[in-house]
Amino acid sequence: MSNLDWQKRKDAVIAQGMGNLVPIYIEQAHNAMLTDIEGNQYIDFASGIAVTNTGHSHPKIVASVTEQLQQFSHTCAMVTPYTSFVTLAEKLTQLAPGEFDKKAVFLTTGAEAVENAVKIARAHTKRSGVIAFKGGFHGRTNMCMGLTGKVNPYKTGFGPFPNEIYHAPFPNALHGISVEQSLEALNDLLKADIEPSRVAAIIFEPIQGEGGFYAAPKAWTEAIRALCDEHGIVLICDEIQTGFARTGAMFASSHTELVPDITTMAKGIAGGSLSRLWLAKLTLWTVLCLAA
């Protein structure tokens, strides 16, 4: 059967909301190369949307998956935990930004990590407001769509979204928004829409992904960090797309020496596969304020 034949079968049984960019059905993949069912080869620039940081079917990942499946496939760490669950948390809390005690929580998706990061910030601060930025992308669940600063194609037709979410301009020289203009707009928001004492968290991507791959300038991240420190606001860095060396550093926040209070991670954490120490979209939060 051809790619188009499989596309027809897919269209008959998969909901429209789970569309695919091109009708190419992959049979094998190795490193950066994809081979479809018709024998055509492609360079994989999509990387599973920022997932296969180590390339497809990396030998170490394949070996680790094989070893793990020979032991067990699943137990649920909240019922009967296992040693690699603890080992992974130890490694990730060492790698995560910040020279302070950290703890990890493992979940299933990046969107779930973002939602729970907001929950933690609200529980810690006893506040409700959350500030995000235009052009940012934080997921497709209802809360995450509300945080996302881009209507089309993510938010169109899906409102209303949770309240107490506010958006400010992200600094973007290409689109004529300077660091100073972004910060001025943020200060205006804190004067006109919500007072700082009601803001639980500020969340942003150190490098916007869906927004167009725009990096946050160091002067801006320093100002955001100072603002959060001044008013007791939790600073959340969404590193779901930028984490695990996609930007040349383990985490993109390192490029500006930014230390967030919470870091959300997913995607590249496991190179797209099950492995001995982690699942493909396990997510880490590093939280300064999380009680032991």
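Helices (H or I, at least four residues) and strands (E, at least two) are DSSP runs, numbered from the N terminus. The model is predicted, so local features need pLDDT of at least 70 and side-chain atom pairs count only at pLDDT 80 or more, while totals for chains, interfaces and linings use all residues. Residues are numbered from 1 along each chain as its sequence is written, and side-chain values use heavy atoms, with hydrogens and water left out.

**Exercise 1. Check the length of helix H5 and find what covers its buried residues.**

The expected span is 1.5 Å times one less than the number of residues. Buried residues in H5 include Ala113, Ala117 and Ala121. Their cover includes strand E4 (129–133), helix H6 (142–147) and strand E6 (199–204). Just after H5, Lys126 takes a positive phi of about 60 degrees.

**Exercise 2. Classify the ring pair of Tyr82 and Phe85.**

Rings of Phe, Tyr and Trp (its six-membered ring) pair if their centres lie within 6.5 Å; planes under 30 degrees apart are stacked, over 60 edge-to-face, and the rest tilted. The structure has ten aromatic pairs. In the pair of Tyr82 and Phe85, the centres are 6.0 Å apart and the planes stand at 65 degrees, so it is edge-to-face. Tyr82, at 27% relative accessibility, is partly exposed, and Phe85, at 29%, is also partly exposed. Ring pairs join both to Phe72 and Phe106 in a cluster.

**Exercise 3. Which residues have the most contacts inside the largest nonpolar core?**

Such a core is a set of buried Ala, Val, Leu, Ile, Met, Phe, Trp, Tyr and Cys residues joined through side-chain atoms within 4.5 Å. The largest has 24 residues, and Ile131, Phe133, Ile202, Phe204, Trp220 and Ile224 have the most contacts inside it. H7 gives the largest share of this core, five residues. Apart from this core lies another, of 20 residues, among them Val114 and Ile262.

Technical notes:
Buried means under 20% relative accessible area, exposed over 50%, partly exposed in between (1.4 Å probe, protein chains only). Contact means heavy atoms within 4.5 Å.
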